[in-house]
Amino acid sequence: MPTLRRHDDKDHRRRDGLGAAGDENRIRRLAEAGDATGLATELLRTVGVPGFGGPDWTWLTDVLDVCPDEFRLRAALAITELSDHVQDRFVEVVLRKVSFEEHLELVESVVVGMGGKGTQHVHDLLTDLTQAWPRAGREVPGPVVGAVRRAVQATYGIHKLERMAGFPGHPPFSPGEAWADQALADLDGLGEPWRALAAHAVTATTAQPTAAWEQRARRLLDAVGPEAARTTISRWLALVGRPRTMSVRHLDDEAFDPYNALGVRGLIWMLAFLPPGADSPRVLGHLVETALKKVQGLGPRSPMLANAAVHALARMEGEAAPAQLARLSARVTYKGTAKVLGSVLDARAAALGLTREEVEELAVPTYGLTEVGRRTATFGEVTAELTVTGTRTGITWRTAAGRTVKSPPASVRQDHPEGPAELKSAAKDIDKMLAAQVERLDQQFLTRREWPYRTWRERYLDHPLLGTLGRRLIWLVGDRACCYADGRLRGLDGVPLDPAEEAAVRLWHPIGRDVEEVVAWRDRLEHLQITQPFKQAHREVYVLTAAEKDTRVYSNRYAAHILRQHQFHALAAQRGWHNRLRLMVDDTYPPATRELPRWGLRAEFWVEGIGDDHGGDTLDSGAYLRLATDQVRFYPAEAPANSGHAYGGGYEQWVPGGAAPVLPLPLEQIPPLVFSEIMRDVDLFVGVASVGNDPTWNDGGPEGRFRDYWTSYSFGELSGTARTRRDLLDRLIPRLAIAGRCTLDGRFLHVRGELRTYKIHLGSGNILMTPNDQYLCIVPQRSAAAATGEVHLPFEGDGMLAVILSKALMLARDTEITDPTITRQIR
């Protein structure tokens, strides 16, 4: 390494950063020692940034100009590896006057390292780096092509880099994603018309296709053939979101390549221009959910693609596309896409002269079911029966000899290969649609939805799919409660009903009903062995407490809890609440709110971020990991919004013009049904998202700060949901094989094993052991519900009930436990 001459001009030094004598000497020594990583580290540690009013960098260029090109390339590579946000000006200075053609492997690594974030100001450098291959008479490598294309998407403006990003002669998509790899492999054998179509797809740079873009796309689709285009494009899009086949720096493995995303959007648009097949609406519906899957620190993968798929579904003919829109409207919680879905469905409703709710109901397809919950298909002498049981779909095969088998016989696979695949796809679609419809129906109580009997019967009782839900619920026909049994609508006394066709029908709710009636309905459903799709007969009812009558305008019933913010945020969106993730920043946020337009009300749940340690109490994005809860309030729908600081300190209204703030409404004025359902939601948020539910938090979490809360919640008083769970367990336990080993006592289910006696808390599911209330940590498995198969449950959806039952069944036979993480604690 040559000796570097010292530059002593003090005007070139900076006293408070790079350029101070100490920094300059360290950098000179690192350069003389050939320590490229050390040099990069020292540069990134400094404050000055060249070209932005920092120090004069002449002395540094003097240092680097006499260093070998390979050393300088390794230093530039180290800068890209050490910094999440590439300090592009540093790279530009380090690579000044370097000859790239003799070190193409290092140049490739540098370009790939720069090809994500932070390259907005070095277009010329990145272009020069990329041109090293043509200057050397070689083809630009695929990873470099992908890196430059991503760099273009991360920057702005028209420049040389953008003009060359198309890389004439290179594949239209960048490798590294499953769908793109498949498309590139297919394009090799499909011919020039297909390559032209793919090249046009990546030019989808606007929010909606322009007339000119669509005209060219239609010509290209005609050239390859509409049927071939639909089949091939659907096959490619079905792979979007699969695990990356090549890791890329600056790009999360679950994130979409921003350049390829343009190609996906173009293909989505093209699919909308084609005659719909059975598979294309399904592919687009799945793509919406895939694109909205959240990546930690990033958020939804690609709202752009989700919105494009929604618009494409809106353009498609037939019943399959509206069915996907109806399903997505009940499932999508991301605000931007939910708004697009709402606009699309509202436009369809206006065009048909119907309400939005009617469009969502009418859009639910039958999926080929010929009677409620059943579809039969014949393949030669073999019969397949698709049946819906609860919210799960199964397929049973019957051979020519009448023997029942689980999988299609060889004759079907050979002579009718598409039949089993279509049935399997239909079963998956049914499961997804049922889950969406359960959520939609569960929220109908607050919409005051009402149907004429004839309409309701067509859409809910006799509909081949929705009938599997409607026949397991209690309805009010006129003023009489009834459910479906033995082929008829029957009242609580079992007597059949013959309603008038215009009789009003609505969902039955236990609020305001006599206790005797509620208990009687529970008994009747149990006798009929009906498992309701959600809690209805066993639904929790929340009435004003004495404390709430004293506070008058707010409830503190669920204050002072610690919730996992992201889990709460997801639950709130699922239940129709609007909430913003709180960051540890100097900013204000509205409370979590639920609009109740049918009642002219708005409910608010006040929460605030908790913690002050960036990194310890937040994600890398700055989002709080946990929230502290406060009051529940109700306001008139038109009242100005409240807001509070992210750090806490209370909420207040900002009212323009100095007008007086709108006061919260007295709780006694809130309709009992509204109050009960809102408090039930909040109980759900706390019951699911509380850190007190986490069995691994018995140490109190970070630095033990939440030990007192964890203990008080884990083994404290029961919430409304937990009290309902207790009442249900009182009825279920006598039917269990372990009934003789179980007793209910206050807040706990006591289970007597051979080694210990265990106390399972009915709210958190956490466990204490005799003789000294020693804590037992058991982390439940996802399949906990499977262990409860020996007992009939009256409703679906209570995961904690399944966890408690599975723990009880296991602990009653504690000598048979082999898991060492458990046996170490109980022996």
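At what angle do helix α14 and helix α16 pack, and how far apart are their axes? Select residues 226–237 for α14 and residues 280–291 for α16, and you'll see two helices packed at an angle of about 25°, with axes 10 Å apart. Angles under 35 degrees count as roughly parallel, so α14 is roughly parallel to α16. The crossing of this pair is left-handed. Now show the side chains: R230, S234 and L237 of α14 make the contact with S280, V283, L284 and L287 of α16. Sorted by class, the contact of α14 with α16 has 4 nonpolar, 2 polar and 1 charged residues.

Before the next stop, zoom out. Keep in mind that this is a predicted model. The chain has 827 residues, and 54% of them count as buried. It holds 32 helices and 23 strands. Its C-alpha atoms fill a box of roughly 100 × 70 × 70 Å, taken along the principal axes. If you look at contacts between residues at least 6 apart in sequence, 67% join residues at least 24 apart.

**Next stop: another helix pair**

Select residues 720–732, which is helix α30, and residues 799–811, which is helix α31. Their axes come within 11 Å and cross at roughly 45°. That angle makes α30 oblique to α31. This time the crossing is right-handed.

**Then: Q536**

Jump to the loop between α25 (515–527) and α26 (546–551), and pick out Q536. Is Q536 buried or exposed? Its relative accessible area is 0%, so Q536 is buried. Follow its side chain and you'll find that it reaches the backbone nitrogen of I474 at 2.7 Å. The side chain of Q536 also makes a polar contact with the side chain of Q532, at 2.9 Å. To see what else surrounds Q536, select F445, L473, I474, L507, W508 and P510: it touches each of these, leaving out residues up to four places away in sequence.

**Then: N579**

Where is N579? Look in the loop between α27 (565–574) and β13 (588–589). N579 has a relative accessible area of 15%, and the cut-off for buried is under 20%, so N579 is buried. Which side chains does the side chain of N579 make polar contacts with? One is the side chain of H569, at 2.9 Å, and another is the side chain of R582, at 3.3 Å. Not counting residues up to four places away in sequence, N579 touches F568, H569, A572 and A592.

**Last stop: L625**

Finish in the loop between β15 (601–609) and β16 (626–636), where you'll find L625. With a relative accessible area of 25%, L625 is partly exposed. Highlight L563, R564, Q565, G616, D617, T618 and L619 to see what L625 is in contact with, leaving aside its neighbours within four places in sequence. For a parting exercise, draw a distance line from the C-alpha atom of L625 to that of T205: these two residues are 420 residues apart along the chain, and their C-alpha atoms are separated by 35 Å.

Technical notes: Residues are numbered from 1 along each chain as its sequence is written. This is a predicted model: local features need pLDDT of at least 70, side-chain atom pairs count only at pLDDT 80 or more; totals for chains, interfaces and linings use all residues. Side-chain values use heavy atoms; hydrogens and water are left out. Helices (H or I, at least four residues) and strands (E, at least two) are DSSP runs, numbered from the N terminus. Buried means under 20% relative accessible area, exposed over 50%, partly exposed in between (1.4 Å probe, protein chains only). A polar contact is a pair of N or O atoms within 3.5 Å; within protein, one must be able to donate a hydrogen and the other to accept it, and residues adjacent in sequence count only if both atoms are side-chain atoms. Contact means heavy atoms within 4.5 Å. Axes are lines fitted to C-alpha atoms, for helices over the stretch in contact, and angles run from 0 to 180 degrees between N-to-C directions. Angles under 35 degrees count as roughly parallel, over 145 as roughly antiparallel, 65 to 115 as roughly perpendicular and the rest as oblique. A crossing is left-handed if the near helix is turned anticlockwise from the far one by less than a right angle, and right-handed if clockwise. Ala, Val, Leu, Ile, Met, Phe, Trp, Tyr, Cys and Pro count as nonpolar, Asp, Glu, Lys and Arg as charged, and the others, Gly among them, as polar.
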